[in-house]
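Me: I am new to this structure and want to know what lies behind the terms used for it. Please show it to me, then take my questions one by one.

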Amino acid sequence: MSASTRDPQVITCKAAVAWGPGEALVLEEVEVDPPKPMEIRIKVVCTSLCRSDITQWESKAHTLLFPRIFGHEASGIVESIGEGVTDFKEGDHVLTLFTGECMTCKHCTSGKSNMCQVLGLERRGVMHSDQKTRFSIKGKPIYHYCAVSSFSEYTVVHSGCAVKICPSAPLEKICLLSCGVAAGLGAAWNVANISEGSNVVIFGLGTVGLSVAQGAKLRGASRIIGVDTNPEKYKKGKAFGITEFINPADCNEPVQEVIKRITDGGADYSFECIGDTGMITTALQSCCDGWGMTVTLGVPKVKPEITAHYALLLSGRTLRGSLFGGWKPKSDLPSLVDMYLKNEIQIDEFITHNLQFEEINEAFNLMREGKCLRCVIHVTK
Ligand SMILES: NC(=O)c1ccc[n+]([C@@H]2O[C@H](COP(=O)([O-])OP(=O)(O)OC[C@H]3O[C@@H](n4cnc5c(N)ncnc54)[C@H](O)[C@@H]3O)[C@@H](O)[C@H]2O)c1
Ligand SMILES: [Zn+2]
Ligand SMILES: [Zn+2]
């Protein structure tokens, strides 16, 4: 055990701080506290930008949680461990988890859920254990995001909010499994449990929607219809299994009518991967009576309520939500990393841009302009 692990000190390093909603990030010198009991401090190697970071950064609903360090899709190396941590050691390669797994609560032991009651999605900008931050600038606290905050050279996370992974896996690629790619694959496999030969419709062909497509293709779906307002997405989507493409802007009738017509009454499965609750209704209307299932993954920017005619459900459809694809993050992610290493799932094709940490605002611009799938930001060497 090295000196740093026995007695970790405050680290001063660079972090990309959002000072206010929608304001460009500023690279600042921040102080990162040593890990408290059951926590680990990670040197972030790579982080990719997910739409959820942008949605929360733009939102004016939580102005008190600024200044804030965003980022939740990341890979890194354990720098030091806090008291009581037994499942990590300095030098371990890890993925961060925006929703953790304590292994002991009702949900973690249920075998039915990944909604950990102890380390679930953190919305208050602090650490789960003591409701405090581990980042500061000259004594002023800087808030966390999802208890991960990977837009920093070093970050502290609960040991239940990270998973140790095979050291030979390339950290600059597998960071995408920390959120978007795993969320989409899991929605297709764990939540919908897509069966061979089925018809699938996916609303929104970003990394999340195209990961659903990849999952559907690997399950042998016969038709995978992609719906997106960005015409560029068809070309990219074909590589992940999209067989047909609909741009709602090109249709003379509502998109659900087009889908019902070409699928003889509606698809077997539909997925909302945009973050628009109106599209959840459209997705429900696009799947068939009897067994049609809509899975909703998107995180809405506005209007959180869903509205739908009750008859859509009375006629046998199911609406299911999906956080992190139903994966138990600590238990299940290592197997996804192995699948990638065996070339059983694609990740590299989602990475459209590699950027240096100083260029992080460019990643925000590219995603807002619809010009990227995932930008990987190389935070430290
Ligand atoms: N449930 C989860 O665990 C989970 C995990 C990661 C991301 N998300 C959420 O999933 C959603 C997708 O994330 P992403 O990173 O793939 O985002 P993204 O921005 O890369 O992709 C969204 C896609 O939707 C398209 N789109 C936007 N408005 C549309 C409309 N009205 N009609 C049709 N297409 C439209 C865009 O052109 C884009 O291709 C976001 O809401 C994100 O917050 C959820
Ligand atoms: Zn995400
Ligand atoms: Zn738990």
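Reply: One definition comes before the rest: helices are DSSP runs of H or I with at least four residues, and strands are runs of E with at least two. On that count, residues 208-339 are 38% helix and 15% strand. The end C-alpha atoms of that span lie 18 Å apart. The model is predicted.

Me: What is the UniProt annotation that covers residues 208-339?

Reply: The record, an unreviewed entry, gives "domain: Alcohol dehydrogenase-like C-terminal". Another annotation in the unreviewed UniProt entry, "domain: Alcohol dehydrogenase-like N-terminal", covers residues 37-165. Residues 37-165 are 6% helix and 29% strand, with end C-alpha atoms 22 Å apart.

Me: Why is F135 called buried?

Reply: The cut-off is 20 or more other C-beta atoms within 10 Å. F135 has 25 such neighbours, so F135 counts as buried. F135 sits in strand 6.

Me: Which residues is F135 in contact with, leaving aside neighbours within four places in sequence?

Reply: They are A15, V30, V32, I69, I142 and S149. Contact here requires C-beta atoms within 7 Å.

Me: What makes strand 1 and strand 7 edge strands?

Reply: The sheet is open, with four strands in the order 1-2-6-7 and antiparallel pairing. Strand 1 (11-17) and strand 7 (140-142) each have a single partner strand, so one side of each has no neighbour in the sheet. From one strand to the next, the twist averages 50°.

Me: How do you know that strand 6 and strand 7 pair?

Reply: Pairing takes at least two bridges. Strand 6 (residues 135-137) and strand 7 are joined by three, and they run antiparallel. I137 stands opposite K140 in strand 7.

Me: What is the strand order in the sheet with parallel pairing?

Reply: The order is 12-11-10-13-14-15, in an open sheet of six strands. Strand 12 (244-246) and strand 15 (318-321) are at the edges, because each has a single partner strand. Neighbouring strands are turned by 20° against each other on average, direction ignored. Strand 10 and strand 11 share five bridges in the parallel sense. Against a cut-off of at least two, they pair. V201 has I225 in strand 11 as its bridge partner.

Me: Why is helix 5 called mostly covered?

Reply: Ten of its twelve residues are buried. Among them are T207, V208, L210 and V212. The cover includes helix 4 (180-191), strand 10 (199-203) and helix 6 (233-238).

Me: What puts the buried residues of helix 10 on the same side?

Reply: The buried residues are P329, K330, L333, L336, V337 and Y340. They cover an arc of only 110° around the axis, so they lie on the same side of helix 10. They pack against strand 5 (93-96), strand 9 (162-164), helix 3 (171-174) and helix 4. The span of helix 10 (residues 329-341) also agrees with expectation, because 13 residues should span 18 Å and the end C-alpha atoms are 18 Å apart.

Technical notes: Residues numbered from 1 in each chain as written. Chains lettered and ligands numbered in written order. Predicted model: local features only at pLDDT ≥ 70, side-chain atom pairs only at ≥ 80, totals over all residues. Axes fitted to C-alpha atoms, helices over the stretch in contact; angles between N-to-C directions. UniProt positions renumbered as here; feature names shortened; annotations may be inferred. Contact = placed C-beta atoms within 7 Å. Expected span 1.5 Å × (residues − 1). Arc of directions from axis to C-beta.
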